[in-house]
Amino acid sequence: MSNRDVRKVYSFFEARWYDSFKEVWNRFGTPKAEKKIRIFLKEYVSEEKSILELGCGTGKNMETIQRLNLLFKHYLGLDFTPDMLNQAINKSKANNRVTFKQQDITNLDNLDEKYDVIISTWVMSHIHLPSEVINKAQNLLKDDGSFYLVFMTKPKWFINFWVWPFMLLFKARYVTESEIQKVQNIKEIKRYSFNLATSILIKNTN
Ligand SMILES: C[S@@+](CC[C@H](N)C(=O)[O-])C[C@H]1O[C@@H](n2cnc3c(N)ncnc32)[C@H](O)[C@@H]1O
């Protein structure tokens, strides 16, 4: 699973397929996990909050924030696939609080600002050592900030039977339980759709 292979998948047809695929996934794949993302955004995004998204793709979460009419201070979305970012940029051109940037999230050393809210959805299955990236990203979280992630984990066999061909196609891997255990400051962990998805909420303080 090289970065080049992952980028190739998401660059297919200039990433124009992704949003339609995501609609189907939201409805039939893991609707509860998707609902929980919206609940998190409603609860934690507000006028004074700065937001960082790791692996923003076509900007689906930014779309949700705008659809929910949530105000925010500013938003930075990072992704390493230019075609996905182009889709995201086209959607938020008019909003000068929104910035999308091409960057590999396994190296965040160039970022010096701290954020109130960090999100990352359906990305960690592409990362070799997710716990390392998640723990490093916590350095970019303000003291009272919140970091929310959703990612694929190995489901029960009867779900895995249908999903594993997609995992191959997407050059993705289930995030392992041992990787999850290495993540620091987890305040809440939830499982969805027979374990196909796991969400974690991280907070630096109690
Ligand atoms: C399944 S999409 C998820 C997009 C978005 N978060 C969503 O929920 O719709 C995975 C995204 O992660 C990005 N990605 C994977 N590995 C990455 C890395 N190391 N650095 C930056 N982006 C990465 C891919 O380019 C792709 O846009």
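**Patch, helix and a buried Asn**

Mentor: Let's start at the surface: Phe-161, Trp-162, Trp-164 and Leu-168 make up a nonpolar patch with about 530 Å² of accessible area together. Phe-161 sits in helix α7 (residues 157-169). Keep in mind that this is a predicted model, where local features need pLDDT of at least 70, side-chain atom pairs count only at pLDDT 80 or more, and totals for chains, interfaces and linings use all residues. Residues are numbered from 1 along each chain as its sequence is written, and side-chain values use heavy atoms, with hydrogens and water left out.

Trainee: Why is Asn-26 called buried?

Mentor: Buried means under 20% relative accessible area, and exposed means over 50%, with partly exposed in between (1.4 Å probe, protein chains only). Asn-26 has 19%, so it counts as buried. Asn-26 lies in helix α2 and touches Pro-31 and Glu-34, leaving aside residues up to four places away in sequence. Contact here means heavy atoms within 4.5 Å.

Trainee: What makes the buried residues of α3 line one face?

Mentor: Its buried residues are Ala-33, Glu-34, Lys-36, Ile-37, Phe-40, Leu-41 and Tyr-44. Seen down the axis of α3, they fall within an arc of 155°, so they line one face. The face turned away from that side carries the exposed Lys-32, Lys-42 and Glu-43.

Definitions and conventions. Helices (H or I, at least four residues) and strands (E, at least two) are DSSP runs, numbered from the N terminus. The arc is that of the directions from the helix axis to the C-beta atoms. Patches are made of residues with over 30% relative accessible area and no salt bridge: like charges are joined within 9 Å, nonpolar side chains (Val, Leu, Ile, Met, Phe, Trp, Tyr) within 5 Å. Accessible areas come from the Shrake-Rupley method with a 1.4 Å probe; for residues, only the protein chains shown count as cover. A salt bridge is a side-chain nitrogen of Lys or Arg within 4 Å of a carboxyl oxygen of Asp or Glu.
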